Amino acid sequence: MILEAVMLQVKEGMEEEYEQAFREASNIIASMKGYISHELQRCMEIKGKYLLLVKWESLEAHTVGFRQSKEYQEWKRQLHHFYDPFPAVEHFENVPL
């Protein structure tokens, strides 16, 4: 399992519209092969800042299966215009303790 982590900055004044669009777009990502779960967290200190966490079965499930799909094109259409600057996506793996 890998964790995709994305810090998102939504354009000022578009936060409510973004949250609604994200709710609707959630069905897209949740339908993808290799998807496990996701959550969107709203920052309490900085208006318009969000943290997206997505669990995938593998790195390829995200980078190939989702990112190279027609569903991703719809995800982009619904959400990418809200971001400024455009976010960097990072992937993490669990460290056994």
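1. The buried residues of helix 2 (residues 59-66) are Ala61, His62 and Phe66. Viewed down the helix axis, these residues fall within an arc of 95 degrees, so they line one face of helix 2; the arc is taken from the directions that run from the helix axis to the C-beta atoms. Buried means under 20% relative accessible area, exposed means over 50%, and partly exposed lies in between (1.4 Å probe, protein chains only). The elements covering the buried residues of helix 2 include strand 1, helix 1 (15-30), strand 3, helix 3 (70-79) and strand 4.

2. The basis of the description is as follows. This is a predicted model, in which local features need pLDDT of at least 70 and side-chain atom pairs count only at pLDDT 80 or more, while totals for chains, interfaces and linings use all residues. Residues are numbered from 1 along each chain as its sequence is written, and side-chain values use heavy atoms, with hydrogens and water left out. Helices (H or I, at least four residues) and strands (E, at least two) are DSSP runs, numbered from the N terminus.

3. Strand 1 (residues 2-9) has two partners described here. With strand 3 (residues 49-56) it pairs in the antiparallel sense over eight bridges, and with strand 4 (residues 89-93) it runs antiparallel, joined by five bridges. Two strands are said to pair if DSSP finds at least two bridges between them. Val6 illustrates both pairings: Val6 stands opposite Leu52 in strand 3, and its bridge partner in strand 4 is Val89.

4. How many salt bridges does the structure hold? There are five, a salt bridge being a side-chain nitrogen of Lys or Arg within 4 Å of a carboxyl oxygen of Asp or Glu. One of them joins Glu15 to Lys47, with the closest N and O atoms 3.9 Å apart. Glu15 belongs to helix 1 and Lys47 to the loop between strand 2 (35-42) and strand 3, so this pair ties together parts that are 32 residues apart in sequence. Glu15 counts as buried at 10% relative accessibility, whereas Lys47 counts as exposed at 63%.

5. A further salt bridge brings together the side chains of Glu19 and Arg42 (2.8 Å, N to O). This pair also links distant parts of the chain, with Glu19 in helix 1 and Arg42 in strand 2, 23 residues apart. Glu19 is buried, its relative accessible area being 14%, while Arg42 is exposed at 54%.

6. Arg77 is exposed, with a relative accessible area of 55%, and Glu74 is partly exposed, with 29%. Elsewhere, salt bridges that share partners join Glu19, Arg23 and Arg42 into one network.

7. The structure holds 10 aromatic pairs. Rings of Phe, Tyr and Trp (its six-membered ring) pair if their centres lie within 6.5 Å; planes under 30 degrees apart count as stacked, over 60 as edge-to-face and the rest as tilted. The rings of Tyr18 and Tyr83 have centres 5.6 Å apart and planes at 70 degrees, so this pair is edge-to-face. Tyr18 lies in helix 1 and Tyr83 in the loop between helix 3 and strand 4, so the pair ties together parts that are 65 residues apart in sequence. Both Tyr18 and Tyr83 are buried.

8. For Phe22 and Trp75, the ring centres are 5.7 Å apart and the planes stand at 70 degrees, so this pair is edge-to-face. Phe22 lies in helix 1 and Trp75 in helix 3, so the pair ties together parts that are 53 residues apart in sequence. Phe22 counts as buried at 4% relative accessibility, and Trp75 counts as buried at 6%. Ring pairs link a cluster whose members include Tyr18, Phe22, Phe66, Trp75 and Tyr83.

9. Where is Ser69 placed? Ser69 is in the loop between helix 2 and helix 3, and it counts as buried at 10% relative accessibility. A polar atom of the Ser69 side chain lies 2.6 Å from the backbone oxygen of Phe66. Leaving aside neighbours within four places in sequence, Ser69 is in contact (heavy atoms within 4.5 Å) with Met32 and Val64.

Methods. A polar contact is a pair of N or O atoms within 3.5 Å; within protein, one must be able to donate a hydrogen and the other to accept it, and residues adjacent in sequence count only if both atoms are side-chain atoms.
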